[in-house]
Amino acid sequence: MLLREVEYVKPSSIAEALTNLAANDGARALAGGQTLINVMKARAASPDVLVDLSGLEELKGIELGSDGTLSIGPMTTYTELMDSAEARARPILGEVCSKIADVQVRNRGTIGGNLCANDPTNHLPPLMAAIGAELTITGAGGERTVPASDFFLGVYMTAVGQTELLTRITIPAGKHDGFAAVTLGVDGTCIVNAAASMNGSLRIAIGCVDAVPVLIEVESPDTVRAAVRAAALHPPDDVHASSEYRAHLAEVLAERAARQAVGE
Ligand SMILES: Cc1cc2nc3c(=O)[nH]c(=O)nc-3n(C[C@H](O)[C@H](O)[C@H](O)COP(=O)(O)OP(=O)(O)OC[C@H]3O[C@@H](n4cnc5c(N)ncnc54)[C@H](O)[C@@H]3O)c2cc1C
């Protein structure tokens, strides 16, 4: 289906982009367009103005700090992250990005767009929650940083307000991570996914079972299944999987991600 007519602006600074967003209630940021343009074609979103972030160098790039902290610009594409020598400091990032969709989507889709879309079936929300990412949000009033665990608020809803932008993703040092998913075919949409990170205790985030990633913390992979059962999940039921099957997958995949995180 063709897009309805929409105004398009391409700001050259974050300040100008924020002004563009504030000038019109119907303005929306455009990153890789791999979600937004599709929902516009389906008439599920109808922005009046698209504020294209692709000219903002401040939102690109990956830096590795001397303490191993990674600072990632939200306009970094999956392919750029997979090819980045710096991002190898946290190998799970490239590993998970390489599983998202196909090469065309990975060449256009961005890390920030994936997080701001907060589609509950996306790969990155549970990953960022498990590895303790911090997300910097910029608006007219300045900057604030929120942990990924507080960033996702509901289906397609995040802590980023309509007149704000996600401007930086900060990832602490660490290597002991895992990720597991069951997808619709190779590289397809996740039916359930789970990410885990070992840092004293095991932090696990399960995706596709609720509007936001479900977080659990355990001491060992042996107690993961019991902890997931205790979380009493009520996953959605649809044509791809029943609620009971998703709840079962949540246990299996959370344990699998946890065992990868501890090197088993
Ligand atoms: C065929 C296909 C298969 C896919 N399969 C998967 C999959 O298996 N797993 C997966 O995780 N994803 C999948 N996706 C989604 C893809 O990863 C998208 O790239 C991603 O969800 C959105 O990133 P984007 O850069 O394209 O953002 P856009 O579509 O441009 O934007 C998405 C939303 O985020 C907002 N936004 C973007 N950047 C910012 C910012 N910096 N600040 C504030 N708001 C911002 C936009 O306003 C919009 O609301 C698939 C997409 C396609 C087309």
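**Figure 1. Ala101 in the loop between helix 4 and helix 5.** Ala101 lies in the loop that joins helix 4 (91-97) to helix 5 (103-108); helices (H or I, at least four residues) and strands (E, at least two) are DSSP runs, numbered from the N terminus. The model is predicted: local features need pLDDT of at least 70, side-chain atom pairs count only at pLDDT 80 or more, and totals for chains, interfaces and linings use all residues. Residues are numbered from 1 along each chain as its sequence is written. The phi angle of Ala101 is near 50 degrees, a positive value in a residue other than glycine. Most residues other than glycine have a negative phi. Ala101 is partly exposed, because 16 other C-beta atoms lie within 10 Å; a residue is buried if 20 or more other C-beta atoms lie within 10 Å of its own, exposed if 12 or fewer, and partly exposed in between, with C-beta atoms placed from the backbone.

**Figure 2. Arg43 in the loop between helix 2 and strand 3.** Arg43 counts as exposed because it has 10 C-beta neighbours inside 10 Å.

Figure 3. Strand 2 and strand 3 (residues 49-52) pair in the parallel sense over four bridges. In this pairing, Leu30 stands opposite Asp52 in strand 3.

**Figure 4. The shell around the ligand.** The ligand is surrounded by 30 residues, of which Gly32, Gln34, Gly109, Gly113 and Cys116 are the closest; a residue is near a molecule or strand if its C-beta atom, placed from the backbone, lies within 6 Å of it. Strand 2, helix 2, helix 6 (111-117) and strand 10 (165-171) are the elements that give two or more residues to this shell. Helix 6 provides the largest share, five residues. By class, the shell has 15 nonpolar, 13 polar and two charged residues; Ala, Val, Leu, Ile, Met, Phe, Trp, Tyr, Cys and Pro count as nonpolar, Asp, Glu, Lys and Arg as charged, and the others, Gly among them, as polar. The ligand lies between domain 1 (7-52) and domain 2 (62-171), because both give residues to the shell; domain bounds come from an automatic or database domain assignment.

**Figure 5. The contact between domain 2 and domain 3.** The assignment also gives domain 3 (177-261). The centres of domain 2 and domain 3, taken over C-alpha atoms, are separated by 20 Å. In all, 21 residues of domain 2 are in contact with 20 residues of domain 3; two residues are in contact if their C-beta atoms, placed from the backbone, lie within 7 Å. On the side of domain 2 that touches domain 3, helix 4, helix 7 (124-130) and strand 8 (152-154) each supply at least two residues. The largest share of this side, five residues, comes from helix 7.

Note on methods:
Pairing = 2+ DSSP bridges.
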